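Subject: Structure for you to look at

Hello,

Here is the structure I promised to pass on. Please open it next to this email and follow along.

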Number of protein chains: 2
Amino acid sequence: MIKSLAQLVRNKETLLYATAMAVLLLSFKWLETHFIVYNYRLDIFIGSIATVFTVLGIWLALKLVKPKVEVHLIEKEIFITHPAQSKINQVEIEKSGISKRELEVLGLMAQGLSNEEIAKRLFVSLNTVKTHSSNIFLKLEVKRRTQAVSKAKQLNIIE
Amino acid sequence: MIKSLAQLVRNKETLLYATAMAVLLLSFKWLETHFIVYNYRLDIFIGSIATVFTVLGIWLALKLVKPKVEVHLIEKEIFITHPAQSKINQVEIEKSGISKRELEVLGLMAQGLSNEEIAKRLFVSLNTVKTHSSNIFLKLEVKRRTQAVSKAKQLNIIE
DNA sequence: TATTCATTCATACTTTTGGGTGATTTTTCA
DNA sequence: TGAAAAATCACCCAAAAGTATGAATGAATA
C-alpha cells in the first residue's frame, strides 16, 4: 500500500488526476452557489457525490496502480537420455600411457575384430598387432582382450 | 472494465464492500440528523465525503482487481547418464533364442572372464562353458567372444 | 648428438578359444 | 506321461590369442 502511494506520488500523470479531482470539487462548489441544490434532498446529493468519487477512486486506482502480476513458475522436466555423451576421457588415456596406435588397436578390438583382421585393417603384420595387444594389456593391467575392452569402456578411453 | 465489473458482482466479498459503503452512507445520514452539520462549512463536509469515497474506491479497486497471471515455463534439463537407462531388451533376448544359462555366461564373458573363470564361477566344467559359448556364438551369429559381447551390447541383451 | 619413445616385425612357445561330435541328465510343457 | 528344450560333460583338433625375447627404424627431445 505504501509502495502504491509512493508510485502514485511519483507518477507523472498524478497532477492530471489531481486536477481532475479539483475540477470536480469546484464544479460541485459552483453547483452549490449557482443552483438551489438544497431544494433537493441533501442525502441524494451526498449519495451522488459518494458514487461519483467512488467511481473516481476506482478509476484512479485502475489507472495509476501498476497491475499486480502473479508469476507462476512451472518447471518442465526435460529428460535427455544421452546426447552423444560418453565423451572420451583424454585424461585417462594419458594416465594409462596408451599410445595412438595402441588406441586404434584397442578400438578395433572392442569391435570384435581378431588380431589378424586388425593387422589387415592397419596394414601391419600379425606380430605387430600382438605386440600392441600385449602392451595394451600391460598398460591396462589386464590379462585378456575382453577384459581390456571392458576396462577401456569403464575408463571411457574408447567409444 | 466490463469484465472487472462482472468479477466485482460475482465476487463473494462484494456484499461486504457494499455493506461497508451502506454503513458509511448511513453514518453520514446519522451525522446529518443528529448533529448540526450545517453549521460547519458545507464544502468541507462535501470535500471529506469525496475524499473518503475516493479512498474507498481506490481500496475497492485494489482489493477486487484480480492480478494478472504470468506463467513462466522453466525448462529443467535432466541428464541421464547410463546407470538408470539401458534397460535390457527382453524382446531381443527371446528373438535370439538365448537361454538363461547362456545369458549368464554371456554376462561374465562381457566382464572379461575366461571360460575357465566362468566355469569356476558357475560351478560347472570348462567343457560346459565351451558348449554354452559355442551356442551363444551360433545364436548371435558371431565368431568370437569379443564380437558376441559387442553385439550383445548393441542389442541391449546384457548390462 | 645421444637418448627416449613409438612403431614395426620376428621367432618360439604356451594358453585360451572355438568347432565338431556325441552323450547323459534335468527341466519344461503340452 | 512323454517329447522337446535346456543344461551338463567329454574328447579331439585347429585356430586364435597371449607371453617372452629380441631387434630395427624413425621421430621427438633433452
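Which element gives the most to the surface near DNA strand C? H7(B) does, with 5 residues. "Near" has a cut-off: the C-beta atom of the residue, placed from the backbone, lies within 6 Å of the molecule or strand. Helices (H or I, at least four residues) and strands (E, at least two) are DSSP runs, numbered from the N terminus.

First, some housekeeping. This is a predicted model, where local features need pLDDT of at least 70 and side-chain atom pairs count only at pLDDT 80 or more, while totals for chains, interfaces and linings use all residues. Residues are numbered from 1 along each chain as its sequence is written, and chains are lettered from A and ligands numbered from 1 in the order in which they are written.

**DNA strand C**

DNA strand C is surrounded by 22 residues. Among the closest are Ser99(A), Arg101(A) and Arg145(B). Four helices each supply at least two residues of this surface: H5 (100-110) and H7 (126-140) of chain A, and H6 (115-122) and H7 (126-140) of chain B. By class, the surface has 2 nonpolar, 11 polar and 9 charged residues. Here Ala, Val, Leu, Ile, Met, Phe, Trp, Tyr, Cys and Pro count as nonpolar, Asp, Glu, Lys and Arg as charged, and the others, Gly among them, as polar.

**DNA strand D**

Around DNA strand D there are 22 residues. Those that come nearest are Ser114(A), Asn115(A), Arg145(A), Ser99(B) and Val124(B). Two or more residues each come from H6 (115-122) and H7 of chain A, and from H5 (100-110) and H7 of chain B. H7(A) has the largest share, 5 residues. The classes near DNA strand D are 2 nonpolar, 11 polar and 9 charged residues.

**Chain A**

Chain A has 8 helices and 1 strand. Along the sequence they run α-α-α-β-α-α-α-α-α. Of the 159 residues in chain A, 21% are buried. A residue is buried if 20 or more other C-beta atoms lie within 10 Å of its own, exposed if 12 or fewer, and partly exposed in between, with C-beta atoms placed from the backbone.

Two packed helices are described by the angle between their axes and the distance between the axes. Axes are lines fitted to C-alpha atoms, for helices over the stretch in contact, and angles run from 0 to 180 degrees between N-to-C directions. Angles under 35 degrees count as roughly parallel, over 145 as roughly antiparallel, 65 to 115 as roughly perpendicular and the rest as oblique.

Take H6(A) as partner. The axes of H5(A) and H6(A) come within 10 Å and cross at roughly 130°. So H5(A) is oblique to H6(A). Their contact has 5 nonpolar, no polar and 2 charged residues. Contact means that the C-beta atoms of two residues, placed from the backbone, lie within 7 Å. Leu108(A) and Met109(A) are among the H5(A) residues that meet H6(A).

Now H7(A). H5(A) and H7(A) pack at about 95°, with axes 9 Å apart. H5(A) is therefore roughly perpendicular to H7(A). This contact has 4 nonpolar, 3 polar and 2 charged residues.

**H5 in chain B**

Which residues of H5(B) are buried? They are Glu102(B), Val105(B), Leu106(B), Leu108(B), Met109(B) and Ala110(B). Their cover includes H8 (145-154) of chain A, plus H6, H7 and H8 (145-154) of chain B. After H5(B) comes Gly112(B), with a positive phi near 95°.

Best wishes
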